[in-house]
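Me: Please take a close look at one part of this model, the sheet and the helices around it. Keep the account plain and connected.

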Amino acid sequence: MKHPSISVAVIMERLTLDHQWCSEKWEAKGIIPDISGGNKESRVIFEDSQQKQVLFPGFDVTLHRDEAEGYYLNLSSPQPKVFVSWRIQEDLAVPYIVTVSYNEAARWMDSNEQVDGVPMPPDIADWLGDYVNQNYKPEPKKRQRPQSFVSPARRTEKSTG
């Protein structure tokens, strides 16, 4: 079975800081459609004395049915995100995986990976929403009435079987 996917490029940004303990800060700044044609070489797209932005093409956002709940949670949040996990390699922040699953990103963070959330572009939100509508069925929640709403006689019946 083929999993739906789209290709994106990640923009990483370095800001110069005037701080005694840290001279710079890296973060994922955004994603754009990947139009590199398979060229996965990164390139600087902006640089001045305070800021540097590097474009990293060649990432696929692939959807999997077992992550449908994570997609739903992301889309139902006030600000849906695309999550980028990255690592420092030779003084450069290099992204290595991208997801739109809230649950998958949480697992990465739980394992101490560096993860940034960037705003989800509307076209990706629409694509993901279609997938969620077709593949996610929330499990019905079985609501239990608080014991204070059950008569004392019924509480005894339930506890004896």
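Reply: Four strands form an open sheet in the order β2-β1-β4-β3, and their pairing is antiparallel; two strands pair if DSSP finds at least two bridges between them. At the edges are β2 (24–33) and β3 (43–47), each of which pairs on one side only. From one strand to the next, the twist averages 30°. This is a predicted model: local features need pLDDT of at least 70, side-chain atom pairs count only at pLDDT 80 or more, and totals for chains, interfaces and linings use all residues. Residues are numbered from 1 along each chain as its sequence is written, and side-chain values use heavy atoms, with hydrogens and water left out. Helices (H or I, at least four residues) and strands (E, at least two) are DSSP runs, numbered from the N terminus.

Within the sheet, β1 (residues 5–16) and β4 run antiparallel and are joined by ten bridges. S7 stands opposite D60 in β4.

Helix α3 lies across β1, β2 and β4, running at about 140° to β1; axes are lines fitted to C-alpha atoms, for helices over the stretch in contact, and angles run from 0 to 180 degrees between N-to-C directions. N135 is found in α3. Leaving aside neighbours within four places in sequence, N135 is in contact (heavy atoms within 4.5 Å) with R65 and A68.

A68 is also one of the buried residues of helix α1 (residues 68–75), together with G70, Y71 and N74. They cover an arc of only 160° around the axis, which puts them on the same side of α1; the arc is that of the directions from the helix axis to the C-beta atoms. These buried residues pack against β4 (51–62), β5 (81–89), α2 (102–110) and α3 (122–135).

Note on methods:
Buried < 20%, exposed > 50% of the residue type's maximum accessible area, 1.4 Å probe, protein only.
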